[in-house]
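Open the model in your viewer and keep the selection panel at hand. The stops below go from one selection to the next.

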Amino acid sequence: MNYLNTLIPIVTLASEFIQHAFGIVHAGFIITIFLSQIMGEKKAGAKKHEHADLLILLAMVTIVGAWRITEYFSNFEDPWYQIFINLPATFFVIFFASHLVSHYKKSFSKQIYNQLVWLLVINFFIDIAYRILYPVGAMGALESGVQAIQTINLYFFVMHYLHLSSKNEIKNAKKH
Amino acid sequence: MQKNIKKIFSCFVLLGSFLFLPFSKAGAINLAVRINDESTQIIAGDRVSFEVDIKWPENSTRQDLRVEYQIIDPSSDDGYEGSVIASAKVLRAVETQTSYLDYIVVPENADSGKKVLKVVIEDYKDLNKEIFATFNVLKGANQIENYFYILIGAMGFVVILVVAELFVLSRKLDRVAKK
């Protein structure tokens, strides 16, 4: 029990650090690519949706970042947090992710997308369990761990999307 | 006869003078404080366990003693004898002798180094005795240091993952470009 008590804050802290670090990495990548697209010349054969998709990707990452920050400032056992923050954030991230995947239906890794959706749903229910049913340290550590895995998964999602987008760009450039 | 009267008178004077002598009941009290082996070196925030030994053979009635424990930091500049960083007061009823174990917690913000445990024993009259023992506070594992290691570990994990992913993706894109 003592060992668990020592482990809980370490797991929580490490998970929080990983989430913050990946949050910064996501945002950095997307903003850089977005700016390079805006400032650079319009690439030959670039599809119309690519510009909008980057914005959606940026919105997705921003929502996840804001969601994590809001968590710290929301009251425990607050049902409004679940209704106005947790539920819509989960919904919007899944919606945006599915929208992005729809453009690369065949080539997009279904595994990454499915994992992201499952992790978001699990996180939603763990958050309710932790804040309302079992507000104990172990549950908090579990939630942080799931959120860290989910953030890593989101990173792979973003990178996979950017990779496919670059691949398409190269192919289109070759065609023209 | 006169000689005898003188003798008797001097005896009375002698006896009478004994009555006015400031006899103190606390004169024959033996006090000792011994810090337990496991508490001679502790980390700030831990307990110092010690044994207090009171022997008072000339005391015939049960007495209430006020016992005060103080942890003094002799290295502190606050005052001549160092500053009191923790204290606790207890009451003990003693007859002729007692020996008991007690403890006091060293504050978490205490600096490392030698500390003095001072035990002050008083009764409600004129007894006032002080005894001392010393122990060491070791430099404990710093909380910020722990955070730092966790942060370094988490950052290392993130950096490895990001670099590996970028490496794999760049190789994949290279292959596409070559085709």
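In which helix do Trp80(A) and Phe84(A) both lie, and how many residues apart are they? Select helix 3 of chain A, residues 79–102: both residues are there, 4 residues apart, or about one turn of the helix. Keep in mind throughout that this is a predicted model.

Show the side chains of Trp80(A) and Phe84(A). Their ring centres are 5.7 Å apart and the planes meet at 20°; planes under 30 degrees apart count as stacked, so this pair is stacked. Both Trp80(A) and Phe84(A) are exposed.

**Other rings**

Over all chains, the search of the whole structure gives 13 aromatic pairs. For a cluster, select Phe22(A), Phe29(A), Tyr155(A) and Phe156(A), which form one aromatic group.

Two arginines can be viewed against rings. Arg131(A) lies over the face of Tyr81(A), 4.3 Å from the ring centre. In chain B, the charged end of Arg47(B) sits over the ring of Tyr103(B), at 3.8 Å from its centre.

**Chain A and the largest core**

Now display chain A as a cartoon. It has 5 helices and 0 strands, in the pattern α-α-α-α-α along the sequence. Of its 176 residues, 43% count as buried. Among contacts in chain A with a separation of 6 or more, 81% join residues 24 or more positions apart.

Which residues of the largest nonpolar core touch the most other members? Select Phe22(A), Leu57(A), Met60(A), Phe108(A) and Phe157(A); the core has 43 residues. At least two core residues come from each of helix 1 (2–39), helix 2 (48–73), helix 3, helix 4 (110–133) and helix 5 (137–175) of chain A, and from helix 2 (143–178) of chain B. Helix 5 of chain A gives the largest share, 10 residues.

Centre the view on Phe22(A). Leaving aside residues up to four places away in sequence, Phe22(A) touches Thr151(A), Ile152(A) and Tyr155(A), along with Val158(B), Leu161(B) and Val162(B) from chain B. A second, separate core has 28 residues, including Ile54(B), Tyr100(B), Ile104(B) and Ile121(B).

**The sheet of chain B**

Finish in chain B. Its 5 strands form an open sheet in the order 2-8-7-4-5, with mixed pairing. Which strands are the edges? Strand 2 (41–43) and strand 5 (83–94) of chain B are, each pairing on one side only. On average, neighbouring strands of this sheet are turned by 30° against each other, direction ignored.

Select strand 4 (residues 63–73) and strand 7 (residues 113–122) of chain B: the two pair in the antiparallel sense over 7 bridges. To see one of the bridges, pick Tyr69(B); its partner in strand 7 of chain B is Val119(B).

Technical notes
Residues numbered from 1 in each chain as written. Chains lettered and ligands numbered in written order. Predicted model: local features only at pLDDT ≥ 70, side-chain atom pairs only at ≥ 80, totals over all residues. Heavy atoms only, no water. Pairing = 2+ DSSP bridges. Axes fitted to C-alpha atoms, helices over the stretch in contact; angles between N-to-C directions. Phe/Tyr/Trp six-rings, centres within 6.5 Å; stacked < 30°, edge-to-face > 60°. Buried < 20%, exposed > 50% of the residue type's maximum accessible area, 1.4 Å probe, protein only. Lys NZ or Arg CZ within 6 Å of the ring centre and 35° of its normal. Core = buried A, V, L, I, M, F, W, Y, C linked by side-chain atoms within 4.5 Å. Contact = heavy atoms within 4.5 Å.
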